[in-house]
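Subject: Structure handover and notes

Hello,

Please find the sequence and structure below. My notes on it follow.

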Amino acid sequence: MAEFSSRIENLRGMTPQDRRAAVARAANMSDADQIALSGADGLPQTLADGMIENVIGKYELPLGVATNFTVNGRDYLIPMVTEEPSVVAAASYMARIARGCGGFTTSSDAPVMRAQIQVLRPGDPHGARQRLLSARDELIGMANQRDTVLIGLGGGCKDIEVQVFDDTPVGPMVVLHLLVDVRDAMGANTVNSMAETLAPRVAEIARGEVRLRILSNLADRRLVRARVEITPEALKMDRFDGDDVAQGIVEACTLAIIDPYRAVTHNKGIMNGIDSVVVATGNDWRAIEAGAHAYAARDGRYSSLSRWERGAGGELVGTLEMPMALGLIGGATKTHPAAQAAIRLLGVRTAQELAEVTAAVGLAQNMAALRALATEGIQKGHMTLHARNIAILAGAEGGEVDRVAGAIAAAGEVTVQRAAAELARLRD
Ligand code: MEV
């Protein structure tokens with residue numbers, strides 16, 4: 001895909017059609033992809049019927065595009081599906097600030113998923129563990145017999161781990177983990193099949209009975225990291241000095257690090273950005289949510305997924321690390337035309353690249369929330385966006401929306417009735 005700029009002037013002031021055209025021009029999108037992203041039969045009924053059971057229809061959500069993202073020196077336009085106002089605007093705005101400071105930097109582990117095989121009633125659990133570890137090569141070989149395509153791509157089962165739980169309500173237990181490089185897949189089907197194939201042999205070696213054979217959504221071998229460095233000058237806002245904003249963000253983050261009540265809301269803000277991309281690209285957002293929150297509690301106490309600190313030169317440094325089991329092939333990423341178009345719009349070439357860009361969006365979203373919370377609070381921005389919705393409900397179109405929204409917000413009367421009156425006045 002040709003290089004393009006993720007800066008699109010005045011995208012917000014356009015109609016949805018004009019925005020789509022502007023995004024299509026910037027990203028060199030095909031007509032078919034534009035139609036898929038417009039929502040005009042983005043998911044044909046026949047496809048929907050094949051995806052889940054007892055289908056009676058389809059459920060629509062808005063698809064927006066966040067602009068300004070630079071990740072590892074490359075520009076990306078970000079498709080985001082969400083019902084929450086201000087998420088897309090906040091991501092775009094923070095990406096614009098970050099862009100002026102060099103953008104986001106990311107890295108990630110190889111796409112390694114875990115599958116668990118639970119062995120009950122092993123006579124000698126620690127002996128079973130050692131026998132299983134001794135059979136490592138045999139078990140890896142067996143796992144890799146099935147999926148020759150994955151092996152050809154450099155993936156496959158790479159290692160095993162074995163845990164012993166000596167004392168459980170159902171007696172001692174041994175749990176074998178398969179560590180599988182799933183390449184560009186999310187990997188659930190691949191690792192579940194491997195676990196089921198290996199189960200009888202594992203039971204034999206462990207001299208126990210196998211019960212569960214299933215992936216773990218705590219994808220702690222598939223971590224992604226995003227980082228951003230912002231100069232205090234870039235954080236200046238209205239009556240707030242940039243240095244104060246940077247310090248406010250650090251102090252706000254500190255509460256999320258030490259207090260689970262704050263951490264969960266802080267992380268929810270990160271997931272506002274991440275889930276929007278995960279849904280837009282047809283990935284399993286429950287898997288991402290489950291993995292994120294389990295990882296946030298990995299030290300035995302639920303904490304912040306991100307860190308915000310001051311660098312030696314006073315710059316604000318934000319970092320995020322979390323599991324990110326995203327795929328580019330299989331599931332809805334393969335069957336849903338709008339998800340496929342969204343992936344092409346992103347222009348990512350591997351699942352790892354998708355995971356890294358998604359993490360950058362999460363960090364941008366976190367920065368937006370903390371910046372607002374540490375200064376004027378979030379209600380002002382939310383009310384402005386709410387006022388836009390009310391203006392649209394009152395019939396405002398195009399450039400009228402911002403003018404009517406501004407008038408009713410300034411009057412402190414964000415109602416459809418007042419918006420209608422302002423609209424009538426404007427049109428007069
Ligand atoms: C709202 O959806 C998200 C925030 O609550 C996140 C946060 O508090 O950090 C604003």
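Is Asn 68 buried or exposed? Asn 68 is buried, because its relative accessibility is 3% (buried is under 20% relative accessible area, exposed over 50%, partly exposed in between, with a 1.4 Å probe and protein chains only).

Before the rest, the ground rules. This is a predicted model, in which local features need pLDDT of at least 70 and side-chain atom pairs count only at pLDDT 80 or more, while totals for chains, interfaces and linings use all residues. Residues are numbered from 1 along each chain as its sequence is written, and side-chain values use heavy atoms, with hydrogens and water left out.

Asn 68 lies in strand 1 (residues 63-71); strands (E, at least two residues) and helices (H or I, at least four) are DSSP runs numbered from the N terminus. Although Asn 68 is not a glycine, its phi is positive, about 75°. Asn 10 is not a glycine either and has a positive phi of about 55°. Asn 10 sits in the segment before helix 1 (16-27) and counts as exposed because its relative accessibility is 54%.

Strand 6

His 177 belongs to strand 6 (residues 173-181). With a relative accessible area of 5%, His 177 is buried. Its side chain makes a polar contact with the side chain of Gln 116, at 3.3 Å (a polar contact is a pair of N or O atoms within 3.5 Å; within protein, one must be able to donate a hydrogen and the other to accept it, and residues adjacent in sequence count only if both atoms are side-chain atoms). Not counting residues up to four places away in sequence, His 177 touches Arg 114, Ala 115, Gln 116, Asp 159, Ile 160, Glu 161 and Gln 163, contact meaning heavy atoms within 4.5 Å.

Val 174 is also found in strand 6 and is buried, with a relative accessible area of 0%. Leaving aside neighbours within four places in sequence, the contacts of Val 174 include Ile 117, Val 119, Leu 132, Val 162 and Gln 163. Val 174 and Val 65 are 109 residues apart along the chain, and their C-alpha atoms are separated by 47 Å.

Two helix pairs

The axes of helix 2 (residues 31-38) and helix 13 (residues 337-346) come within 8 Å and cross at roughly 120°. Axes here are lines fitted to C-alpha atoms, for helices over the stretch in contact, and angles run from 0 to 180 degrees between N-to-C directions. Helix 2 is therefore oblique to helix 13 (under 35 degrees is roughly parallel, over 145 roughly antiparallel, 65 to 115 roughly perpendicular and the rest oblique). On the helix 2 side, the contact is made by Asp 33, Ala 36 and Leu 37; on the helix 13 side, by Pro 337, Ala 338, Ala 341, Ala 342, Arg 344 and Leu 345. By class, this contact has 7 nonpolar, no polar and 2 charged residues (Ala, Val, Leu, Ile, Met, Phe, Trp, Tyr, Cys and Pro count as nonpolar, Asp, Glu, Lys and Arg as charged, and the others, Gly among them, as polar).

Helix 4 (residues 87-100) and helix 14 (residues 351-373) have axes that come within 8 Å and cross at roughly 95°, so helix 4 is roughly perpendicular to helix 14. Val 87, Ala 90, Ala 91, Tyr 93, Met 94 and Ile 97 in helix 4 meet Ala 364, Gln 365, Met 367, Ala 368 and Arg 371 in helix 14. The residues of this contact divide into 9 nonpolar, 1 polar and 1 charged.

Regards
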